Amino acid sequence: MFSKDNRWGTFPSVSLGWKFSSESFLRDQTWLSLGKLRLGWGKLGNNRIDELSRYTYLVSQYNYPYGQGTHVLQPGFTSLTIGNDNIKWEKTETYNVGLDLAFLNNRLLFGFEYFDKKTTDMLLAVPTVLSAGLETDPMTNAGAVRNYGIETNLTYRQTLGRFSFDVGFNLSWIKNKVTSLGTGNEPIYGAYLNEGSIVDYVTKTAVGLPIGSFYGYVTDGIFQTYDEVRASAQYEPGKMDSEQTTRVGDFRFKDLNGDGRITAEDRTYLGSPLPDFVFGVPLNFKYNFKSGDLELSMFFQGQTGNKIYNVMDYYLYNAAEGNVYADIRSKHWSGQVAENRAYFPLNTTAEIPDLDANDAPRNFRSSNFFVKDGSYLRLKELRLAYSFDQSLIKRLGLKSLTISATAYNLLTFTKYDGFDPEVGKVDGTEGNNLSMGVDHGNYPQARSFTFGLQFGF
């Protein structure tokens, strides 16, 4: 994967702990079951990239006509990717300090940790200009990023006769910031899309901002009259209303640099694919019958603060080709703006522009229209189990017998309009942080059910 000179890395770690609840000044108290202070430092390495990234390899069947007069087609070879023999381990250095507490004979548990991770020599597939003729962007060690935040958890356990339970809550707050992008700190663009009107990179990584932030234009409603078009930065002087590229029913885009035109300079940051908060809620309940134990366990997980770039909205809201949403007409703007549309139903309060198979004004260029709130709460696992008392099963020659039913991804609460807010990555981008949160209609998490029978002799 790496060259001989960069093949090996050294990644040490050390941790210290002080169990202050065992000190003499706390040894005889009863309210504190555990008190522990933790400190840690360590380094980790990352090499999760294509194992051929360091090689430049040639592809055949790229023939070339050569010679004077009557050209002779000669067999040709070309490289569609450029290797980098200088790539090396990505390194992450972590500092953390934590506090663990237990009260009331371990019935109430609390944990807190602050961490600071600094990643250097990030392994990124840095995009090249299209004229380079490459199908795959070359891998390189580019820049550094810092992740810091807080992790905390709280658990309560209790037994009331035959009934016992424990409920918990864990929460992580994470902040991501790019601190360096190599010489010159030039921004890196990523997640290139070639989807009709979206012919652009949709993420931009720059110093001081989260890695892989979404980037594009900002919409400002839909034009309702030609007076609004004439007063906008999208108006083309010298053309009649009927000749304008932008018309009533199209998106109005914000002129962010104030030059009176809508150009690539009006693009800006649209949000981060990284969540502000990640949380989980484990719940466990148990009741002891004379014949055995009935157990119910649930695990909720979720996150908030992240954005998702929903590419599928281009296809399902666009009238160019292919499948569309069943209620596409009711969601799109519609107005009686011409004689041949006098019979059209009015829908001027819609948030999606007028249907246009050609999309001449590029309503569906990369913009905040595709950037959605990725927050969600999901019942990740629900399990119901019954364990029979040994007195009932010993005649069967068994020591234990448990029957169970488990459901995964049973419920999801989200405002995201895509298939699944837990967006994965498409093939070929798994190790590329510049493509996080871009939803190409990735297959959703399956809702599944399993039934189990466990016994011991």
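## A buried aspartate and its contacts

In this predicted model, the side chain of Asp313 makes a polar contact with the side chain of Lys372, at 3.1 Å. The side chain of Asp313 also makes a polar contact with the side chain of Asn310, at 3.3 Å. Asp313 is found in helix α2, which covers residues 312–317. Because its relative accessibility is 0%, below the 20% limit, Asp313 counts as buried.

Lys372 and Asp313 also form a salt bridge, in which the closest N and O atoms are 3.1 Å apart. Lys372 belongs to strand β22 and Asp313 to helix α2, so the pair ties together parts that are 59 residues apart in sequence. Lys372 is buried as well, because its relative accessible area of 16% is under 20%.

## The sheet that contains β22

Strand β22 is part of an open sheet of 3 strands, in the order β22-β21-β25, with mixed pairing. The edge strands are β22 (371–373) and β25 (438–439), and each of them pairs on one side only.

Strand β21, residues 307–310, is joined to β22 by 3 bridges, and the two run antiparallel. Within this pairing, Lys307 stands opposite Asp373 in β22. In general, the strands of a sheet pair through backbone hydrogen bonds, in either a parallel or an antiparallel manner.

## An antiparallel sheet of four strands

Another open sheet consists of 4 strands in the order β13-β14-β15-β18, and its pairing is antiparallel. Strands β13 (188–195) and β18 (268–271) stand at the edges with a single partner strand each, so one side of each has no neighbour in the sheet. On average, neighbouring strands of this sheet are turned by 35° against each other, with direction ignored.

The pairing of β13 with strand β14, residues 198–205, is antiparallel and extends over 7 bridges. One of the residue pairs involves Gly190, whose bridge partner in β14 is Thr203.

## Salt bridges between separate parts of the chain

A search of the whole structure finds 19 salt bridges. Among them is the one between Asp200 and Arg267, where the closest N and O atoms are 3.0 Å apart. This pair links distant parts of the chain: Asp200 lies in strand β14, Arg267 lies in the loop between β17 (251–253) and β18, and the two are 67 residues apart. Asp200 is buried, with a relative accessible area of 17%. Arg267 is also buried, with a relative accessible area of 17%.

Another salt bridge joins Arg378 to Asp420, and here the closest N and O atoms are 3.0 Å apart. Arg378 lies in strand β23 and Asp420 in the loop between β24 (400–414) and β25, so the pair ties together parts that are 42 residues apart in sequence. Arg378 counts as buried at 5% relative accessibility, and Asp420 counts as buried at 4%. Through salt bridges that share partners, Arg378, Lys380, Asp420 and Glu422 are joined into one network.

Phe300 stands opposite Leu379 in β23.

Strand β20, residues 292–304, also pairs with strand β19, residues 277–289, in the antiparallel sense over 13 bridges. A hairpin joins β19 to β20 through 2 residues. In β20, Phe299 is the bridge partner of Pro282. As a general point, side chains in a regular strand alternate between the two faces of the sheet.

## A nonpolar patch on the surface

The residues Leu16, Trp18, Phe25, Leu37, Leu39, Val97, Phe112 and Tyr114 form a nonpolar patch on the surface, and together they have about 750 Å² of accessible area. The elements that give two or more residues to this nonpolar patch are β1 (13–18), β2 (32–46) and β8 (108–120).

Leu16, one of the residues of the patch, lies in strand β1. Leu16 is exposed, because its relative accessible area of 60% is over the 50% limit. Asp313, by contrast, is buried, with a relative accessible area of 0%.

Conventions: Residues are numbered from 1 along each chain as its sequence is written. This is a predicted model: local features need pLDDT of at least 70, side-chain atom pairs count only at pLDDT 80 or more; totals for chains, interfaces and linings use all residues. Side-chain values use heavy atoms; hydrogens and water are left out. Two strands pair if DSSP finds at least two bridges between them. Axes are lines fitted to C-alpha atoms, for helices over the stretch in contact, and angles run from 0 to 180 degrees between N-to-C directions. Patches are made of residues with over 30% relative accessible area and no salt bridge: like charges are joined within 9 Å, nonpolar side chains (Val, Leu, Ile, Met, Phe, Trp, Tyr) within 5 Å. Accessible areas come from the Shrake-Rupley method with a 1.4 Å probe; for residues, only the protein chains shown count as cover. A salt bridge is a side-chain nitrogen of Lys or Arg within 4 Å of a carboxyl oxygen of Asp or Glu. Buried means under 20% relative accessible area, exposed over 50%, partly exposed in between (1.4 Å probe, protein chains only). A polar contact is a pair of N or O atoms within 3.5 Å; within protein, one must be able to donate a hydrogen and the other to accept it, and residues adjacent in sequence count only if both atoms are side-chain atoms.
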